[in-house]
Amino acid sequence: MSANLVTLDQFLTLPDHARLLGLDLGTKTIGLALSDVERRIATPLETIERVKFKQDVAALLKVTQKHAIAGLVIGLPLNMDGSEGPRVQSTRAFMRNLAPLTALPIVFWDERMSTLAVTRTLLAADASRARRAAVVDKMAAAYILQGALDRLARLESDGNEPEEDWATE
């Protein structure tokens with residue numbers, strides 16, 4: 001395992017006022033979400049159209065530099081029963097290849113139901129199919145990042161005792 005693949009509680013030691021970047025890694029796009037400097041609120045940022053690994057990573061690292069990112073929260077698409085399928089393997093492979101190219105700490109976050117939850121929200125807001133397609137990936141990234149931010153806040157207030165049920169290594 002790469003040295004910069006960490007557990008969520010290790011994010012408690014990041015510098016104050018440093019942002020986190022959430023990623024929803026899809027086969028065609030990478031949805032990105034940005035935390036505020038207090039690491040309390042996740043906001044959808046943008047979607048990177050996937051081309052080839054080198055270009056995808058170049059675009060991703062450009063965003064991390066532009067926003068002074070201190071850590072990455074990557075959605076891990078576990079199956080509903082918690083098992084790992086081909087999408088998890090693909091996500092882990094992407095991160096194994098990315099890890100040597102950045103010093104940023106990286107944590108996986110269980111993303112089950114994120115796209116479904118976002119799609120339901122967009123349907124409830126009567127968003128058109130085209131609008132949903134345009135924003136679902138970055139909104140899913142925000143949903144993933146918000147889950148991690150909420151857990152970080154609980155870790156801070158609970159005396160930093162990690163729970164293993166939501167964050168995954």
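## Ground rules

Helices (H or I, at least four residues) and strands (E, at least two) are DSSP runs, numbered from the N terminus. The expected span of a helix is 1.5 Å times one less than its number of residues.

Keep in mind that this is a predicted model, where local features need pLDDT of at least 70 and side-chain atom pairs count only at pLDDT 80 or more, while totals for chains, interfaces and linings use all residues. Residues are numbered from 1 along each chain as its sequence is written, and side-chain values use heavy atoms, leaving out hydrogens and water.

## Helix α1

With 14 residues, α1 runs over residues 53–66. From first C-alpha to last it reaches 20 Å, close to the 20 Å expected at 1.5 Å a residue. Just past its end, A68 has a positive phi of about 50°.

## Two sides

Which residues of α1 are buried (under 20% relative accessible area, with exposed over 50% and partly exposed in between; 1.4 Å probe, protein chains only)? They are D56, V57, L60, L61, V63 and T64. Looking down the axis, these buried residues fall within an arc of 155° (taken from the directions from the helix axis to the C-beta atoms), so they line one face of α1. On the other side, K54, K62, Q65 and K66 are exposed.

The cover over the buried residues of α1 includes β1 (19–25), β2 (29–35), β3 (42–49), β4 (69–76) and α2 (86–98).

## A neighbour

L98 touches F53, V57, L60, L61, L72 and I106 (heavy atoms within 4.5 Å), leaving aside residues up to four places away in sequence.
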